[in-house]
Amino acid sequence: RDVYKRQRTDTVASGGMTVIDAHGAVVFPGLVDSHVHLAFAPHVSPEFELGGLSDQELVDRIRIHAMQHLEAGITSVRDLGGPGEPLRTFAASVESGAAGPRVWMSGPVITRSHGHCYFVGDLVGDVSDISGLVDGHADAGDGWIKVMVTGGALTSTSRPEDLQFDVDTMRTVVNRAHDRGLRVAAHVLTGEGARVAVEAGVDSIEHGVGADRETLDQVAERN
């Protein structure tokens with residue numbers, strides 16, 4: 001929305017614009033939060049809590065958290081891991097005119113059995129599973145694929161230093177996702193994980209803990 005500062009003469013640009021007198025205030029564009037988990041509750045382990053909630057309870061929670069973002073000036077969010085259908089339901093409601101920030105999302109993460117965030121995950125047994133999982137996200141209208149390249153501290157059966165996917169498997173994910181018009185975000189908490197993600201050609205690295213200078217230089221060269 002275009003906003004014009006009112007002039008002393010009270011003359012404003014014509015053309016049917018809505019004029020807001022913002023004297024004494026600061027006006028800025030809506031902010032973007034590029035990594036959220038709208039279904040997760042603070043101070044509660046999602047591993048042991050999410051499974052006890054109905055889809056409608058999850059939609060209600062997602063709406064509350066999304067509105068907190070909007071009230072803070074965040075008008076777009078990228079949700080990188082959560083229960084697929086409740087997130088898609090809320091995102092669709094916003095696209096249809098309901099209040100809330102625009103939501104870009106990955107839905108369930110791609111991970112291993114008992115791997116990081118398996119409780120909101122599409123589980124990979126071997127590389128033959130990948131095409132079907134990625135296609136499911138594309139068919140559901142998700143814009144992103146989130147892959148847990150390494151383990152994480154949020155899951156009792158996973159360790160941050162664990163490498164969950166090698167570079168060949170990650171290339172399979174990236175190639176299939178790009179073929180279907182999706183982007184790939186990679187959760188990495190080790191230097192090895194960062195190297196695998198960059199070599200595979202992911203579109204964004206989340207956290208990036210342990211990434212060395214050589215890996216970061218590769219990122220800079222590709223962008």
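**Entry 1: the largest nonpolar core**

I looked up the largest nonpolar core in this predicted model and found that it has 24 residues. I noted the members that touch the most other members: Ile-110, Ile-145, Val-147, Val-149, Met-170, Val-184 and Val-202. I then checked which elements supply at least two residues each, and listed H4, strand E6 (144-148), helix H5 (167-179), strand E7 (183-188) and helix H6 (191-200). H5 gives the most, with 5 residues.

What does Val-147 touch, not counting residues up to four places away in sequence? I wrote down Ile-110, Phe-165, Met-170, Val-173, Val-184, Ala-185, Ala-186 and His-187. Of these, Ile-110, Met-170 and Val-184 were already in my notes as members of the core that touch the most others.

**Entry 2: aromatic pairs**

How many aromatic pairs does the structure hold? I recorded 2. Phe-40 and Phe-119 make a tilted pair, with 6.4 Å from centre to centre and 45 degrees between the planes. I looked up where the two partners are: Phe-40 is in the loop between strand E1 (31-36) and helix H1 (46-49), and Phe-119 is in the loop between strand E4 (109-111) and strand E5 (121-123). They are 79 residues apart, and the pair links distant parts of the chain. I marked both Phe-40 and Phe-119 as buried.

Phe-119 also pairs with Tyr-118, edge-to-face, at 5.5 Å centre to centre and 80 degrees between the planes. Is Tyr-118 buried or partly exposed? I noted it as partly exposed, because its relative accessible area is 25% and the buried class requires under 20%. Through these ring pairs, Phe-40, Tyr-118 and Phe-119 are linked into a cluster.

**Entry 3: His-137 and Trp-144**

I placed His-137 in helix H4 (residues 130-140). Which residues is His-137 in contact with, leaving aside neighbours within four places in sequence? My list reads Arg-88, Ser-106, Gly-107, Pro-108, Asp-122, Asp-142, Trp-144, Ile-145 and Leu-182. One of these, Ile-145, I had already met in the largest nonpolar core.

I followed Trp-144 as the last item. The charged end of Arg-78 sits over the Trp-144 ring, 4.5 Å from the ring centre.

How values were computed:
Residues numbered from 1 in each chain as written. Predicted model: local features only at pLDDT ≥ 70, side-chain atom pairs only at ≥ 80, totals over all residues. Heavy atoms only, no water. Helix = DSSP H or I, 4+ residues; strand = E, 2+ residues; numbered from the N terminus. Contact = heavy atoms within 4.5 Å. Phe/Tyr/Trp six-rings, centres within 6.5 Å; stacked < 30°, edge-to-face > 60°. Buried < 20%, exposed > 50% of the residue type's maximum accessible area, 1.4 Å probe, protein only. Lys NZ or Arg CZ within 6 Å of the ring centre and 35° of its normal. Core = buried A, V, L, I, M, F, W, Y, C linked by side-chain atoms within 4.5 Å.
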